[in-house]
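Please open the structure in a viewer and keep the selection tool at hand. The stops below go from the whole chain to single residues.

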Amino acid sequence: MTSTFPLADALASTTVVLDGGMSNQLESAGHDLSDELWSARLLAERPEAVTEAHLAYFEAGADVAITASYQATFEGFAKRGIDREEAARLLALSVELARRAAARARDRGVTRPLWVAASAGPYGAMLADGSEYRGRYGLSVDELERFHRPRLETLAAAGPDVLALETVPDADEAAALLRAVRGLGVPAWLSYTVDGTRTRAGQPLEEAFAPAADADEIIAVGVNCCAPHDVDAAVETAARVTGKPVIVYPNSGEAWDAEARAWRGRTTFTPDQVLGWRDAGARLIGGCCRVGPEAIASIAATLTP
């Protein structure tokens with residue numbers, strides 16, 4: 001564990017700052033992420049770059065680093081000729097790299113508690129075709145659970161502080177993930193990507209959040225990788241339906257063009273929005289795609305009493 005103070009305990013008394021987008025931080029450092037493994041490719045090829053990206057966010061004021069394992073799966077690595085043993089090593093390495101960044105942050109004078117969240121993206125992230133923004137893969141809940149469980153077991157064994165079940169587009173996949181984290185001994189958060197007041201697959205958020213209310217492993221629920229204007233209603237709904245701390249980390253407001261593999265539009269995410277989210281029940285607040293260390297520093301400054 002990175003901190004001796006459990007994240008769930010921290011959420012009972014304070015607001016915790018998440019990091020921002022891993023991919024944009026790596027790209028700003030000059031790394032090409034254009035292949036299907038995205039930032040996960042650098043776990044094998046440039047692990048030091050991943051550590052430096054985490055460190056930039058810790059130094060900017062983030063309390064939680066989300067690992068570069070969002071698109072790291074046994075199936076995805078296999079497409080690149082990486083066998084199961086090496087894939088498991090890379091998944092575990094993603095947690096270790098974030099821990100190294102926390103240690104370096106301490107060496108540079110950061111004294112606040114720091115945590116590591118092991119990212120587990122949706123099935124669609126492995127497909128690398130934009131389907132994580134649609135859901136409805138044609139798979140059953142049982143099939144999705146079988147896909148997610150081995151990766152979650154490997155990440156949990158690496159000892160993160162929390163598992164980040166993130167960018168989930170579909171309530172059926174959330175049901176599979178809730179089953180897949182049972183008995184792993186590591187708490188988790190569940191975060192949907194949404195369009196308005198519905199999941200990307202079209203389910204009402206009230207229905208989508210409800211199963212998390214009774215899941216003991218889930219310490220927070222919310223939304224990520226969505227437009228900032230979709231956050232307000234989601235925070236209220238998540239807090240009311242589950243009674244749990246809410247997590248929010250939206251994109252910059254730009255839209256992802258899956259065919260061109262590029263971001264379009266303009267930034268609409270401003271740090272002053274976070275006060276309203278906090279007042280509505282959000283306890284973990286940060287940014288996702290296209291939100292960098294400068295924005296995280298502003299969020300941290302805004303939330304600091």
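The chain exposes about 11,900 Å², and carbon and sulfur atoms supply 47% of that area; accessible areas come from the Shrake-Rupley method with a 1.4 Å probe, and for residues only the protein chains shown count as cover. This is a predicted model, in which local features need pLDDT of at least 70 and side-chain atom pairs count only at pLDDT 80 or more, while totals for chains, interfaces and linings use all residues. Residues are numbered from 1 along each chain as its sequence is written, and side-chain values use heavy atoms, with hydrogens and water left out.

**Whole chain**

Along the principal axes, the C-alpha atoms fill a box of roughly 50 × 45 × 40 Å. Of the 305 residues, 57% count as buried, meaning under 20% relative accessible area, with exposed over 50% and partly exposed in between (1.4 Å probe, protein chains only). Among contacts (heavy atoms within 4.5 Å) with a separation of 6 or more, residues 24 or more positions apart account for 77%.

**The sheet**

Switch to a cartoon view. The chain has 13 helices and 12 strands; these are DSSP runs numbered from the N terminus, with at least four residues for helices (H or I) and at least two for strands (E). Select the open sheet of 8 strands, which has parallel pairing and the order S1-S12-S9-S8-S5-S4-S3-S2. Two strands pair if DSSP finds at least two bridges between them. Strands S1 (16-17) and S2 (64-66) stand at the edges with a single partner strand each, so one side of each has no neighbour in the sheet.

**Strand S4**

Next select residues 162-168, strand S4: 7 of the 7 residues are buried, so the strand is largely enclosed by the rest of the structure. S4 pairs in the parallel sense with S3 (residues 115-120) over 4 bridges, and alanine 117 has valine 162 as its bridge partner in S4. Another 4 bridges join S4 to the parallel strand S5 (residues 188-192), where tyrosine 192 is the bridge partner of valine 168. From S4 the chain crosses through helix H9 (residues 171-180) to S5, a right-handed β-α-β crossover. Right-handed means that, with the strands pointing away from the viewer, the path from the first strand over the helix to the second runs clockwise.

**Strand S9**

Move to residues 246-249, strand S9, which pairs in the parallel sense with S8 (residues 218-224) over 4 bridges. Which way do the side chains of S9 point? Val246 and Val248 point one way and Ile247 and Tyr249 the other, and all are buried. Valine 246 is the bridge partner of valine 221. The crossover from S8 to S9 runs through helix H11 (residues 231-242) and is right-handed. S9 is also joined by 3 bridges to the parallel strand S12 (residues 282-285).

**The cores**

Finally, select the largest nonpolar core, with 77 residues; Val248 and Tyr192 are among those that touch the most other members. A nonpolar core is a set of buried Ala, Val, Leu, Ile, Met, Phe, Trp, Tyr and Cys residues joined through side-chain atoms within 4.5 Å. Helix H6 (residues 84-107) gives the most to this core, with 10 residues. Apart from this core lies another, of 21 residues, including Ile219 and Ile247.
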